[in-house]
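My plan is to go from the whole to the parts and to write down what I look up.

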Amino acid sequence: MKLSIKRQKESREDNTAVKVEVSPQQGLMAFPGFPLVLVGVKDNIITVAAVSFFSFGKAPMVMIGIVPKRYSFTLIQESEDYSINIPTLELLEAVKFCGTKSGKDVNKFEATGLTLQKAQKIKSCLIKECPVSLECKIVHTIDLEGSHVWFVGEIVAAHKRKDYDRSQALIYWPREYRKVGEVIEN
Ligand SMILES: Cc1cc2nc3c(=O)[nH]c(=O)nc-3n(C[C@H](O)[C@H](O)[C@H](O)COP(=O)(O)O)c2cc1C
């Protein structure tokens, strides 16, 4: 540990290791990325990277951020629920399609060949080809008049393909699609 701190000190003499002030936006962009998911709202699909766990415990909760101008925003406001579906690399073209085309103009299931699956406990659709689907009931909405409105959902049912492992999930942060990185300790 000491050695590595010494090395860090030495490298501070190198200009690239000096921290300079950047804008809050640039600071935000320093995150390595967020899980990339397909959200089912009613019978529409929207690609979402604004996704996070919200709470563990007996009633696990997640949250998704939707930009108010989206067609899916109108749908989710009318809905009591949504599904989170985790896509893998083979579904990347469908992910891009659902992230650029609007359900207002096109049926995304028909256009991508994805299969609509009925959920057990919610009304919104699931996506059969995604190896993980979480059924979420909206329990809270957070609207601070920022870029996204956040919908906190309690996971009321979860479905996972037996051969899925989370290294197959995808990561996104503006204009960059990534695979999950290597495990460095477990
Ligand atoms: C990789 C990727 C991630 C995205 N993440 C979000 C997001 O987190 N929230 C959001 O509102 N829109 C996000 N979008 C944009 C919507 O998916 C996109 O505007 C979509 O066409 C909206 O569909 P709709 O009109 O059927 O609602 C993302 C798009 C892409 C390509």
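Predicted model: local features only at pLDDT ≥ 70, side-chain atom pairs only at ≥ 80, totals over all residues.

**Entry: the whole protein**

I find five helices and 12 strands in the protein. Its C-alpha atoms fill a box of roughly 60 × 40 × 35 Å along the principal axes. The protein has 186 residues, and buried residues make up 28% of them. I also checked contacts between residues at least 6 apart in sequence. Of these, 63% join residues at least 24 apart.

I turned to strand E2, residues 37-41. Is E2 mostly covered or uncovered? It is mostly covered, as five of its five residues are buried. I then noted which way they point. Val37, Val39 and Val41 point one way, while Leu38 and Gly40 point the other way.

I looked for the partners of E2. With E3, the strand pairs in the antiparallel sense over five bridges. Glycine 40 has isoleucine 45 in E3 as its bridge partner. The two strands form a hairpin with two residues between them. In that turn, lysine 42 has a positive phi of about 50°. E2 also pairs with strand E6 (residues 81-86), again in the antiparallel sense, over three bridges. Here leucine 38 stands opposite asparagine 85.

Why do I call valine 39 buried? The cut-off is 20 or more other C-beta atoms within 10 Å. Valine 39 has 26 there, so it counts as buried. I left aside its neighbours within four places in sequence and listed the rest of its contacts. They are Ile46, Val48, Ile64, Tyr82, Ser83 and Ile84. I also took one distance. Methionine 29 is 10 residues from valine 39 along the chain, and their C-alpha atoms are separated by 23 Å.

Not counting residues up to four places away in sequence, it touches Ile45, Thr47, Asn85, Pro87, Val95, Cys98, Ile127 and Cys130.

I then looked up the largest nonpolar core, which has 36 residues. Val37, Leu38 and Val39 are among those with the most contacts inside it, and so are Ile64, Tyr82, Ile84 and Phe151.

**Entry: a three-strand sheet**

Last, I looked at an open sheet of three strands. Their order is E1-E11-E12, and the pairing is antiparallel. Strand E1 (34-35) and strand E12 (176-179) stand at the edges. Each has a single partner strand, so one side of each is left without a neighbour in the sheet. I counted the bridges between strand E11 (residues 170-173) and E12, and there are four. Tryptophan 173 stands opposite glutamate 176 in E12.

Notes. Residues numbered from 1 in each chain as written. Buried ≥ 20, exposed ≤ 12 C-beta atoms within 10 Å, placed from the backbone. Contact = placed C-beta atoms within 7 Å. Pairing = 2+ DSSP bridges. Core = buried A, V, L, I, M, F, W, Y, C linked by C-beta atoms within 7 Å.
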